[in-house]
Each structure stands twice: as structure tokens, then as C-alpha cells.
Amino acid sequence: MKTISKDFQNITLSNLEEKLKAEFKEIGFGVLHEIDFQETLINKIDKDINTFKQLQICNPQLAYAAIQIDPTIGIQLPCNVIIRKNQDQLTVDIQSPLDSIPKSSPEDLRMMATELDDRISRLLENIN
């Protein structure tokens, strides 16, 4: 699996979430759902995995365009962003859009995924 990742030091979870949401909004993405896996696992099975939060994000324009090209791409939507504690820092992991596109997909869809992969990589680099 190809993952776009970046480590962040000296930032709180809430500040990092706020910055991620603002940066994603700049490129047309909104947060559909948030899942706090740490809280869920503590409540369900009394296991603590430390900070581990998932943001499910979507860009409606891109989702619509991708579904028009290949309706089966819907199985890969929405995009998932993980924020997790990694020793003394927070790490953000995002599955690369390129990882979601089969090699046999139409060229238009692969080009869209490549562009989005680049945009997400730049987005993470913009967060200090």
C-alpha cells in the first residue's frame, strides 16, 4: 500500500486536526466523519491504543468526476486520513489515491489520482 505520511512534533492533536481540515478545505475537501479509534476501543474492548483518529474526507467534485469515469471507484471513497501518536510525535497517514486506482483503470482516472497524490503531498508539507 502506498501511503503519504508526515510526522509532526510540538503540536497538539486538536491543532493538527484544525490545520489538516483547513488545508483540505483549501483543495475542496470536507470532513464527512471522524472516528476516534482510541475512545472506541477503550469503550468496546477496554484496550487503549493511544491517539488514533480517522478523518473521512471527500471532495464532491472529484468524487463525482471519478464515479462518472468508473463507478466501481466508489468502493474507495471517501478518502481516509489517520492521525496517530507515534512515540513523542503525531503522524498523519493518508492512503495515496494512486493506491486506489487499478492499473487497468482508464487513463483519465489515473491522471486524476496522480494529480491528487501530488496535491496531498504538498498539503502535508505546508503544515508546520
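My entries below go through the sheet, the helices, the cores, the aromatic pairs and the cysteines.

**Ground rules.** This is a predicted model, so I kept local features only at pLDDT of at least 70 and side-chain atom pairs only at pLDDT 80 or more, while totals for chains, interfaces and linings use all residues. I number residues from 1 along each chain as its sequence is written, and side-chain values use heavy atoms, with hydrogens and water left out.

**Entry 1, the sheet.** I looked up the strand order first. I found 5 strands in an open sheet, ordered E1-E5-E4-E3-E2, with antiparallel pairing. Strands here are DSSP runs of E with at least two residues, helices are runs of H or I with at least four, and both are numbered from the N terminus. I count two strands as paired if DSSP finds at least two bridges between them. E1 and E2 (30-36) are the edge strands, each pairing on one side only. On average, neighbouring strands are turned by 20° against each other, direction ignored.

I then went through some of the pairings. E1 and E5 run antiparallel and share 6 bridges, and Asp7 has Thr91 of E5 as its bridge partner. E4 and E5 are antiparallel as well, joined by 6 bridges; here Arg84 is partnered with Thr91 in E5. E3 and E4 are also antiparallel with 6 bridges, and Leu55 has Val81 of E4 as its bridge partner. I also checked the E4-E5 hairpin: 2 residues sit between the strands, and Gln87 has a positive phi near 60°.

Which strands does H1 touch? I found H1 packed on the sheet in contact with E1, E2, E3, E4 and E5, its direction making about 155° with that of E4. Contact means heavy atoms within 4.5 Å. The angles are between N-to-C directions and run from 0 to 180 degrees; axes are lines fitted to C-alpha atoms, for helices over the stretch in contact. H2 lies across E2 and E3 and runs at about 35° to E2.

I searched for nonpolar cores, meaning sets of buried Ala, Val, Leu, Ile, Met, Phe, Trp, Tyr and Cys residues joined through side-chain atoms within 4.5 Å. Buried is under 20% relative accessible area, exposed is over 50%, and partly exposed is in between (1.4 Å probe, protein chains only). The largest core has 20 residues, and the members touching the most others are Leu16, Leu20, Phe24, Val81, Val92, Ile94 and Leu124. E1 (3-8), H1 (13-26), E3 (52-58), E4 (79-86), E5 (89-95) and H4 (107-126) each supply at least two residues. H4 gives the largest share, 4 residues. A second, separate core has 6 residues, including Ala66, Ile101, Leu109 and Ala113.

Leu16 is in H1, and at 0% relative accessibility Leu16 counts as buried. Setting aside residues up to four places away in sequence, Leu16 touches Phe8, Ile11, Ile83, Leu90, Val92 and Ile127.

I paired rings of Phe, Tyr and Trp (its six-membered ring) with centres within 6.5 Å; planes under 30 degrees apart are stacked, over 60 edge-to-face, and the rest tilted. That gave 2 pairs. Phe24 and Phe29 are edge-to-face, 5.7 Å centre to centre with 70° between the planes, and both are buried. Phe37 and Phe52 are edge-to-face too, at 5.8 Å and 85°. Phe37 is in H2 (37-45) and Phe52 in E3, so this pair ties together parts 15 residues apart in sequence. Phe37 counts as partly exposed at 28% relative accessibility, and Phe52 does at 26%.

Cys58 counts as buried, at 19% relative accessibility.
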